[in-house]
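Me: I should like to learn how to read the features of a structural model, one at a time. Please give the general idea first and then the case at hand.

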Amino acid sequence: MEMLKQKFKAQADKLGEEIKAILKEHGDTVIGQTTLAQVYQGMRGMTALITETSLLDAQDGIRFRRHSIDELRDKLPKANGGSEPLPEGLFYLMLVGEIPTQEEVENLTSILQRRSHVPSYVFETMSALPKETHPMTMFVVGVMALQGESTFAKKYAEGMNKKEYWAATFEDTLDLIARLPHIAAYVYRRKYKQGKALQPDGLLDWAGNFAHMLGYDDDQFKELMRLYMVIHADHEGGNVSAHTTHLVGSALSDPYLSYAAGMNGLAGPLHGLANQEVIKWIFEMQEQLQTKEPTAEQIKEYVEKTLSEGKVVPGYGHAVLRKTDPRFTAQMDFGKKHMSDDPLVNTVWRIYETVPPILQSLGKVKNPWPNVDAHSGALLVHYGMVEYEYYTVLFAVSRALGVLSSLCWDRALSMPLERPKSVTTAAVKRWLNKE
Ligand code: NMX
Ligand code: MLT
């Protein structure tokens with residue numbers, strides 16, 4: 001742990017010096033212009049944030065420290081007998097910018113295991129909620145209940161020196177990542193499995209153990225969880241969950257508060273909740289059409305019906321991407337390898353052939369291609385996880401790796417309070433001399 005922490009600090013100090021020099025020489029360099037439309041329309045294409053952990057290209061998709069998903073699947077260490085990357089390795093990569101060795105990943109796995117204890121009052125707090133509560137709400141309540149454990153909050157109250165912010169954030173980050181699978185598994189077991197919690201398996205890796213605590217001991221499901229936790233971890237800094245975590249963290253709210261805030265954003269249907277919406281939409285389509293494998297023509301009609309009711313086709317489109325999401329493709333690859341004849345997975349692939357031309361024909365959808373959420377649910381259903389309301393919690397556990405490693409960078413680089421300027425439309429009209 002100390003080695004990883006010192007490595008991170010050394011990298012952060014080095015980059016901090018580079019940033020100082022860049023700003024000294026180029027601080028006044030203009031990097032773009034902002035149009036009124038951008039301000040009114042969700043700030044698309046406006047560069048306004050620094051996020052070190054990953055970078056999105058509209059055509060090629062996400063790269064984590066310049067590594068594509070395919071490269072990660074190839075280069076990151078694997079579990080014994082497995083072929084998917086271990087998410088601990090991606091966390092390491094995002095944190096220090098280097099692909100770790102097998103031994104470094106195994107060390108990190110044991111660090112996380114040692115820190116994974118969740119106090120019983122956290123489970124009691126979650127269990128006080130009615131069973132009908134949405135899993136994302138239960139999950140965030142669990143994270144908030146744990147907030148009293150924050151090293152950052154405690155040290156800040158004791159008068160921590162600014163120079164120590166990064167270290168306290170680092171401690172909270174490891175603690176929180178270690179504990180999240182337990183909170184998330186509790187939500188699942190309580191809501192869907194009569195509250196029968198399962199003991200962790202200390203011999204398993206972070207994602208493998210998460211699968212085990214959920215009640216899925218199939219080796220292939222563990223592999224799916226490893227892949228799932230890797231591909232959902234980060235999507236540069238402007239997405240709602242990452243941006244929110246960063247924004248709230250900029251007020252020096254501790255990592256528990258910041259992450260919980262971000263996850264409330266992930267729980268929105270245009271963001272992470274889309275993964276549940278996709279499966280709900282497909283199940284409804286199957287029910288209405290009375291078939292498990294709708295034809296392309298039937299799918300087309302159902303899509304047109306969805307659009308005519310003023311709804312979006314879940315899992316399609318993206319604010320920044322303009323091609324098929326490589327996270328979709330990675331899951332398709334997993335599906336082809338492990339379940340190529342699964343009817344639901346095949347339906348997802350038929351939807352992929354059917355939806356883009358329809359969205360394209362509307363003439364307004366900027367990206368008619370599938371995103372990560374279009375595929376994930378079908379793989380989970382294959383292994384028996386049919387409770388689609390739970391899916392965003394899986395996304396949230398994975399997203400912790402990205403947003404919390406970014407938060408470590410924010411504090412290590414002394415990122416200031418984020419506070420952009422806002423204006424009223426009356427002020428805009430005055431600028432335009434319309435009043
Ligand atoms: N189905 C129907 N209409 C769509 C879709 C879609 N999948 N995607 C975009 N549009 C519409 C959009 O609603 C807007 O319509 P209007 O002008 O009438 O308001 C128009 O096309 C232009 O939108 P875009 O500029 O293409 O997309 P924007 O950047 O505003 O939004 C999303 C991006 C992701 C919110 C949008 O594509 C969407 O709602 N997709 C479905 C939900 C989804 O899959 N979200 C998951 C995103 C990934 N994640 O995990 O976070
Ligand atoms: C994400 O993974 O955060 C989503 O694809 C949304 C985004 O990047 O805006």
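Me: Between which domains does ligand 2 lie, and why?

Reply: A word on conventions comes first. This is a predicted model, in which local features need pLDDT of at least 70 and side-chain atom pairs count only at pLDDT 80 or more, while totals for chains, interfaces and linings use all residues. Residues are numbered from 1 along each chain as its sequence is written, and chains are lettered from A and ligands numbered from 1 in the order in which they are written. Domain bounds come from an automatic or database domain assignment. Domain 1 (1–13 + 49–271 + 387–435) and domain 2 (274–382) both give residues to the shell around ligand 2, so ligand 2 lies between them.

Me: Which residues surround ligand 2, and how do they divide by class?

Reply: A residue is near a molecule if its C-beta atom, placed from the backbone, lies within 6 Å of it. By that test, the residues around ligand 2 are His235, Asn239, His271, Ala319, Val320, Asn371 and Val372. For classes, Ala, Val, Leu, Ile, Met, Phe, Trp, Tyr, Cys and Pro count as nonpolar, Asp, Glu, Lys and Arg as charged, and the others, Gly among them, as polar. The shell around ligand 2 then has four polar, three nonpolar and no charged residues.

Me: How many residues surround ligand 1, and which are the closest?

Reply: The shell around ligand 1 holds 21 residues, the closest being Ala274, Val312, Gly317, Ala319 and Lys366. By class, this shell has eleven nonpolar, seven polar and three charged residues.

Me: How many residues of each domain take part in the contact between domain 1 and domain 2?

Reply: Two residues are in contact if their C-beta atoms, placed from the backbone, lie within 7 Å. Here 22 residues of domain 1 are in contact with 21 residues of domain 2. On the domain 1 side, the elements that give two or more residues are β2 (61–64), α3 (69–75), α11 (219–231) and α19 (391–412). The largest share of that side, five residues, comes from α11. The residues of the domain 1 side divide into 13 nonpolar, seven polar and two charged. The centres of the two domains, taken over C-alpha atoms, are 27 Å apart.

Me: Is α11 largely enclosed or largely open, and why?

Reply: A residue is buried if 20 or more other C-beta atoms lie within 10 Å of its own, exposed if 12 or fewer, and partly exposed in between, with C-beta atoms placed from the backbone. Eleven of the 13 residues of α11 are buried, so this helix is largely enclosed by the rest of the structure. The buried residues include Phe221, Leu224 and Tyr228 as well as Lys222, Glu223 and Arg226. They pack against α3, α4 (87–96), α10 (206–214), α16 (326–338), α18 (373–382) and α19.

Me: What span should α14 have, and what span does the model give?

Reply: Helices (H or I, at least four residues) and strands (E, at least two) are DSSP runs, numbered from the N terminus. The expected span of a helix is 1.5 Å times one less than its number of residues. For the 16 residues of α14 (274–289) this gives 22 Å, and the end C-alpha atoms are 22 Å apart, which agrees. Among the buried residues of α14 are Ala274, Val278, Trp281 and Met285. What covers the buried residues of α14 includes α15 (296–308), α17 (343–362), α18 and α19. Gln290, which follows α14, has a positive phi near 55 degrees.

Me: Where is Ser253 found, and is it buried or exposed?

Reply: Ser253 is in the loop between α12 and α13. With 21 C-beta neighbours inside 10 Å, Ser253 counts as buried. Leaving aside neighbours within four places in sequence, Ser253 is in contact with Val248 and Ser258. Ser253 and Ala153 are 100 residues apart in sequence, yet 7.8 Å apart in space, C-alpha to C-alpha.

Me: What is the phi of Gln194, and where is this residue placed?

Reply: Gln194 is a residue other than glycine with a positive phi, near 50 degrees. Gln194 sits in the loop between α9 (165–192) and α10, and it is exposed, with 7 other C-beta atoms within 10 Å.
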